[in-house]
Amino acid sequence: MEVNATFWIGFNLFVLLMLALDLGVFNRKAHVVSVKEALTWSGVWICLSLVFNGLIYHWFGKDKAVEFFTGYVIEKSLSVDNIFVFVLVFKYFQIPSIYQHKILFWGILGALVMRVIFIFAGVALIEKFHWTIYLFGVFLIYTGYKMFTEQDKQIEPEKNPVIKLFRKVMPITHDLKGDKFFVKENGRKYATPLFLVLILIETTDLIFAVDSIPAILAVTQDRFIVYTSNVFAILGLRSLYFALAHVIHRFIYLSTGLAVILVFVGLKMVLVDVIKIPTYVSLIVIAVIITASIVISLIKTRDDQLPKAES
């Protein structure tokens, strides 16, 4: 689908406007994001996504609208797995809630840039070398298998090669310095642990992007659809984190559901020239898997939330 430059420019201006409002108006001062505020903003981003989905339907028709929505659901679902990692990272470094919003803002901004590079590179590869779609499919199947067999997530920052390299080129303060990423002490510039966390968040998202971009390419190779659905999913991730951080531990089967989805879309890519699975069928399968994994998780952990009876 050829998209007029006006659509690209208009969408990116909208994204920049929302980011400017986020950091410059609504969150200019550091504060602890309440669950109510997070749920409100999550609702705003979901509503904006649905409105844009309606515009896609109006501009480009039903098929593209279904592709956008399916891509959005895939990216939104996979982004929830990021939240598990965010919780572990913030807990490991003991980052106060008041500073978490700033880290996630800049982390997600960096994630958007990386996603753009991955999207255009992935689409270009498939267009030029069709057989690469099979490689993407096999990779997703393997990733789904690994996710299924390695359920326990652990954070080991000391083994992160990017952080190890950064420690060699710049000294780091032992304690936080408010919400600053860098400080100057005794005429020398230091990074703070807050910046280390940002690096870890960025590298973690890079790893997730390697999984999620091929997953949406199984649905469509339309650059505009892939890009916009990714952006909406990522922009809503920060508020989703603050909304779910306190209950994410109850989603014990979510990783299993995501693993099944990755295997499904991987098979779809591998068999693309043999079996054509309609996009609406993919949407139904993905929605059923995600819903089932969340519902079963909440039922399974329900007893853990009940008050203990006194003996």
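Author: Mean pLDDT (the predictor's confidence in each residue, from 0 to 100) is 84 for the protein chain, with 92% of the residues at 70 or more. This is a predicted model, so local features need pLDDT of at least 70 and side-chain atom pairs count only at 80 or more, while totals for chains, interfaces and linings use all residues. Residues are numbered from 1 along each chain as its sequence is written, and side-chain values use heavy atoms, without hydrogens or water.

Now to the pair: helix α3 (residues 62-93) packs against helix α10 (residues 254-270) at about 140 degrees, their axes 10 Å apart. Helices here are DSSP runs of H or I, at least four residues, numbered from the N terminus; axes are lines fitted to C-alpha atoms over the stretch in contact, with angles from 0 to 180 degrees between N-to-C directions. The crossing is left-handed, meaning that the near helix is turned anticlockwise from the far one by less than a right angle.

From α3, I74, S77, L78, V80, D81 and F84 touch L254, S255, L258, L262 and V265 of α10, with contact meaning heavy atoms within 4.5 Å. By class, this contact has 8 nonpolar, 2 polar and 1 charged residues; Ala, Val, Leu, Ile, Met, Phe, Trp, Tyr, Cys and Pro count as nonpolar, Asp, Glu, Lys and Arg as charged, and the others as polar.

Notes
Helix = DSSP H or I, 4+ residues; strand = E, 2+ residues; numbered from the N terminus.
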